[in-house]
Amino acid sequence: MNIIHISAECYPVAKVGGLADVVGALPKYQSNTKNKAQVIMPFYDNKFTKQHKFTSIYNSELKLGENSYSFKVLVLEDNVLDFDIFFIDIPRLLFKDYVYSFNDTERFLAFQVATLDWLLTWDKYPDIIHCHDHHTGLIPFMLQESFKYETFRKIPNVLTIHNAQYQGWFSHDDVKLIPDFNFNHVGLLDWDGQINPLAAAIKCAWSVTTVSPSYMEELKFKANGLEHLLSAESAKCTGILNGIDWKVWNTETDTYIKKQYAINTIASGKKANKQYLCDTFNLDIDKPLFAFIGRLVGEKGSDLFPETFKNSLDKGDANILLLGSGNTIVEEELKKLKEPYAGIYNAFIGYDETLSHIIYAGADFLLMPSRVEPCGLNQMYSLRYGTIPIVRSIGGLKDTVIDIAKPDGFGICHENTEVSEINTAIDRAVKLYENKTKFNKIRKQIMGINHSWNASAKAYIKLYESIN
Ligand code: ADP
Ligand code: GLC
């Protein structure tokens, strides 16, 4: 089977969050003697594209309504990824130093049209087109409805919803940007009076997946307005838990971390990484280190961090280190805590891949009090690095973390994203840290949990076969 993944992000080329990690890993695990998985993504103006050389393999022009844009398809000259990756270069729209901005309708629509225009020139069409999130959500509609893509009608296609909060809404006034289709079917694009690319994909894709079984269930009741649609389409919807890239996230070979380690050297390995963090961020090596890594947005519960952190830090028995960026008010409040809590608290506001690996390695606990968490990869990285996750039991967090009070439990879970519950969870963690025998046993136990992509990559192949 030839599988094409179409996505706005792919690690290590361009990453905003977990979507990149998934699209950068899943194709590796899907490629074997029987299947080949390839990725098509936009060409951005970023560090990766500056550091690599590309060759153009196709040149053309695309139309969005009245406007024309020239575009190219590029391939990497050096083979640095374990799968083929193609870049859609639309200089006037996509080539920016960011992935997303406030008005991406034209950018991502142009990306999708260019991708399909180019696929039309292929001698043999792909066996599966796999779209990720709303940025590629108009593809299932265009495959089914646009006159110029009539020859694609029989290509099975899949939509994976990584996050249903973002749907790519735009006004009906811009429907003219979509390549011509039978206007009687415009309702397929509409949800609540707007063009909704995610809803259109849910209606038109042959199969819809999301990134954990629990999130699939939750979407029927809480999907930012798409609850009824997801319930109505539930027959073609499945939840498949994400995996993690076992090669990239490997404490024995990770070149970002300060000291590599395995299960039997966990104590010295984690201590060396914690020491580095404590030296760099002025923290106390003798106290447990709680970390947060992620986007500072409501979904992650970050608006509650300033109050929660103050409550815990006032007790004086914990360090907290945060790596993240997002809401500027929250960023400012988190920065303000640095001075009064110097010695036990610090925050790095920004994005830093290297530092994130060191934190997974050096922290004792990872906080994830998410309001919404379709899967969450951080808790799986943290498990792999022997860092105990503290999570709100929701979505993928519910599917991957069992509370220590339960048989074989290894994490700390709370029911709601509320300050008092997060503080109680931190208190439980401090107690666990003090019980060195139990703490060390759990750290070793979690490093042995296998969340590699192997099983889930197979589940996707099975799904493709069922619609082929
Ligand atoms: P989401 O995609 O909702 O942001 P995930 O848990 O799926 O959440 O994935 C987040 C990914 O982004 C992880 O690889 C995490 O390590 C990384 N990440 C998030 N924020 C930062 C940051 N500020 N610096 C470095 N890596 C980050
Ligand atoms: C989204 C979700 C996150 C998930 C990631 C990868 O960004 O917010 O929970 O892990 O996609 O699927």
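Tyrosine 360 places a polar side-chain atom 2.8 Å from an oxygen atom of ligand 1. This is a predicted model. Two further polar contacts involve the backbone of the protein. A backbone N or O atom of aspartate 352 lies 3.1 Å from a nitrogen atom of ligand 1. A polar backbone atom of leucine 377 is 2.9 Å from an oxygen atom of the ligand.

| Residue | Protein atom | Ligand 1 atom | Distance |
|---|---|---|---|
| Tyrosine 360 | polar side-chain atom | oxygen | 2.8 Å |
| Leucine 377 | polar backbone atom | oxygen | 2.9 Å |
| Aspartate 352 | backbone N or O atom | nitrogen | 3.1 Å |

How much of ligand 1 does the protein cover? On its own, the ligand has 560 Å² of accessible area, and the protein covers 93% of that.

**The shell around the ligand**

Around ligand 1 there are 19 residues. Those that come nearest are Lys15, Gly18, Asp21, Arg295 and Tyr360. By type, the shell divides into 6 nonpolar, 8 polar and 5 charged residues.

Which elements give two or more residues to this shell? They are the helices α1 (18-30), α11 (353-362) and α12 (378-384), together with the strands β12 (289-296) and β13 (319-326). The largest share, 3 residues, comes from β12.

**The nonpolar cores**

Away from the ligand contacts, look at the side chains packed inside. The largest nonpolar core has 86 residues. Phe290, Phe309, Tyr345, Ile359 and Phe365 touch the most other members. Helix α14, residues 419-434, gives this core its largest share, 8 residues.

Take Ile359 as an example. Setting aside its neighbours within four places in sequence, isoleucine 359 is in contact with Leu277, Ala291, Ile293, Leu321 and Leu323.

There is also a second, separate core. This one has 63 residues, and Ile40, Phe83, Leu94 and Leu138 are among them.

**A closer look at glutamine 445**

Glutamine 445 sits in helix α15, which spans residues 436-447.

What does glutamine 445 touch beyond its neighbours within four places in sequence? Its contacts there are Asp408, Gly409 and Phe410. In sequence, glycine 386 and glutamine 445 are 59 residues apart. In space, their C-alpha atoms are 8.1 Å apart.

Conventions. Residues numbered from 1 in each chain as written. Chains lettered and ligands numbered in written order. Predicted model: local features only at pLDDT ≥ 70, side-chain atom pairs only at ≥ 80, totals over all residues. Heavy atoms only, no water. Core = buried A, V, L, I, M, F, W, Y, C linked by side-chain atoms within 4.5 Å. Buried < 20%, exposed > 50% of the residue type's maximum accessible area, 1.4 Å probe, protein only. Helix = DSSP H or I, 4+ residues; strand = E, 2+ residues; numbered from the N terminus. Contact = heavy atoms within 4.5 Å. Near = heavy atom within 4 Å. Polar contact = N/O pair within 3.5 Å; in protein donor to acceptor, adjacent residues only side chain to side chain. Areas by Shrake-Rupley, 256 points an atom, 1.4 Å probe, with all protein chains shown as cover. Nonpolar A, V, L, I, M, F, W, Y, C, P; charged D, E, K, R; others polar.
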